[in-house]
Amino acid sequence: MSRSISPPPLKRRKVADRPLLLQSTATRLRVYSWNVNGIAPFLQPSITSFFSPKASSFAEAASRARGSLRDVLQRYDWPSVLHLQEVKIRPEDTTSQRGVHIAVARGPDEEPERPSYRAFFCLPKDKHNTRAFGRKAYGVCSIIREDFIAEFGAEVREVEWDAEGRFLVCETQARPGVPRLAIFNCYLVNNGTEAPYKDPASGAVSGTRHDRKLRVHELLQAECRKLEADNVAVILAGDMNIARSRLDGHPNLRTQPIQHCTNRDDFEARFLQNSGLDSLRMIDSFRHLHLQTAGYTYYPRNADFGSSCDRVDMILLSRDLEPCLTSAGIMATPADRGPSDHVPLYAELHFHTRGGDENAVANA
């Protein structure tokens, strides 16, 4: 079984081995996505930092430990966008949100050439369906480079039809050679149960969690279709909670309960199927470039790494972006999994500026 389609750790590009230059985001877009299954470990300093002779106070030690999320960004070579799912922050927890903002910004002791980032949150507001774990369920965070925001006039919004903290949309303006983009951070409803789904406003039961999952597919498809009709190219990046085919599940593709099959068929028909008037015919970036390669993103912590795994996280692209897709991969190692039960994945797109030097794109 192939556990990773990314280069081995020792062969990956090392940021520290070359000059720290801000790379142009005008022609190169790299999107990373990771279900972190709780952001708290990335905000907590190592216990050893408090025993350092150079740490004169808790605040000083915590300040030095702020680099956890910065370390993630540097490890992946300062991507344009990093999407996190299941951050598990209560909406009222402004301290944790502020901690993320501080953690992703360039620190005063860092080289000025290193990029700085901004963090955007969508946290659960639904008081009837997100009460578990003290309302720390779900939640997504989009971490976006400040130079990307400035270059493309990026704005971030939520969607009107979700109150569970599952979606953020980064919308950009068109630039020469680069279309308008809508980059979704997605945490789709999991293959749930027959537990009731309640109307977010009234609290009245209006179906099951299974029904809600299919309804979210429908609403997301409609949102994407509306954007594409307005000449906006769409990128869906996140945890789709769907494994598409036999190649995406090890040792077996899940078929029980039967809702796994129903949800899979519905997702495929709405977003990826190449036939049928209703399909968006999007591109699964990883599968598009690695037709027969086994690669997985979900590695449960109650099993040996690689013994049971699924590819449920994806980066899907509007069909018009196919010529721009240059690489896609999964960082499938225990080190990349970190404290989560998922590993990160990425897709890279190159846009050729009209009249520009196309070689500059490859060298960016």
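Predicted model: local features only at pLDDT ≥ 70, side-chain atom pairs only at ≥ 80, totals over all residues.
Residues are numbered from 1 along each chain as its sequence is written, and side-chain values use heavy atoms, with hydrogens and water left out.

**Exercise 1. Cysteines**

Solution. Step 1: apply the cut-off given at the start.

Step 1: check burial. Buried means under 20% relative accessible area, exposed over 50%, and partly exposed in between (1.4 Å probe, protein chains only). Cys 224 has a relative accessible area of 0%, so Cys 224 is buried. Cys 261, at 18%, is also counted as buried.

**Exercise 2. Aromatic pairs**

Task: Find how many aromatic pairs the structure has, and describe the pair of Tyr 138 and Tyr 187.

Solution. Step 1: set the rule. Rings of Phe, Tyr and Trp (its six-membered ring) pair if their centres lie within 6.5 Å; planes under 30 degrees apart count as stacked, over 60 as edge-to-face and the rest as tilted. A search of the whole structure gives nine aromatic pairs.

Step 1: classify the pair. Between Tyr 138 and Tyr 187 the distance is 5.9 Å centre to centre and the angle between the planes is 50 degrees, which makes the pair tilted.

Step 2: Helices (H or I, at least four residues) and strands (E, at least two) are DSSP runs, numbered from the N terminus. Tyr 138 is in the loop between strand 3 (117–122) and strand 4 (140–145), and Tyr 187 is in strand 7 (residues 180–187), so the pair ties together parts 49 residues apart in sequence.

Step 3: Tyr 138 is buried at 17% relative accessibility, and Tyr 187 is buried at 5%. The charged end of Arg 166 sits over the ring of Tyr 138, 4.0 Å from its centre. For this term, NZ of Lys or CZ of Arg must be within 6 Å of the ring centre and within 35 degrees of the ring normal.

**Exercise 3. Residue Phe 121**

Task: Is Phe 121 buried or exposed, and which residues is Phe 121 in contact with?

Solution. Step 1: locate the residue. Phe 121 belongs to strand 3.

Step 1: read its accessibility. With a relative accessible area of 14%, Phe 121 is buried.

Step 2: list contacts, meaning heavy atoms within 4.5 Å. Neighbours within four places in sequence are left aside; the contacts of Phe 121 then include Ile 89, Gln 97, Val 100, Cys 141 and Leu 168.

Step 3: turn to helix 4 (residues 94–104). Gln 97, Val 100, Ala 103 and Val 104 are buried there. They cover an arc of only 125 degrees around the axis, so they lie on the same side of helix 4. The arc is that of the directions from the helix axis to the C-beta atoms.

**Exercise 4. Backbone exceptions**

Solution. Step 1: recall the background. Most residues other than glycine have a negative phi, and most peptide bonds are trans.

Step 1: find the cis bonds. The bond from His 250 to Pro 251 is cis, with omega near 5 degrees, and so is the bond from Gln 256 to Pro 257, with omega near 0 degrees. Pro 251 lies in the loop between strand 11 (249–250) and helix 7.

Step 2: Trp 78 is not a glycine, yet has a positive phi of about 55 degrees. Trp 78 is buried, with a relative accessible area of 6%.
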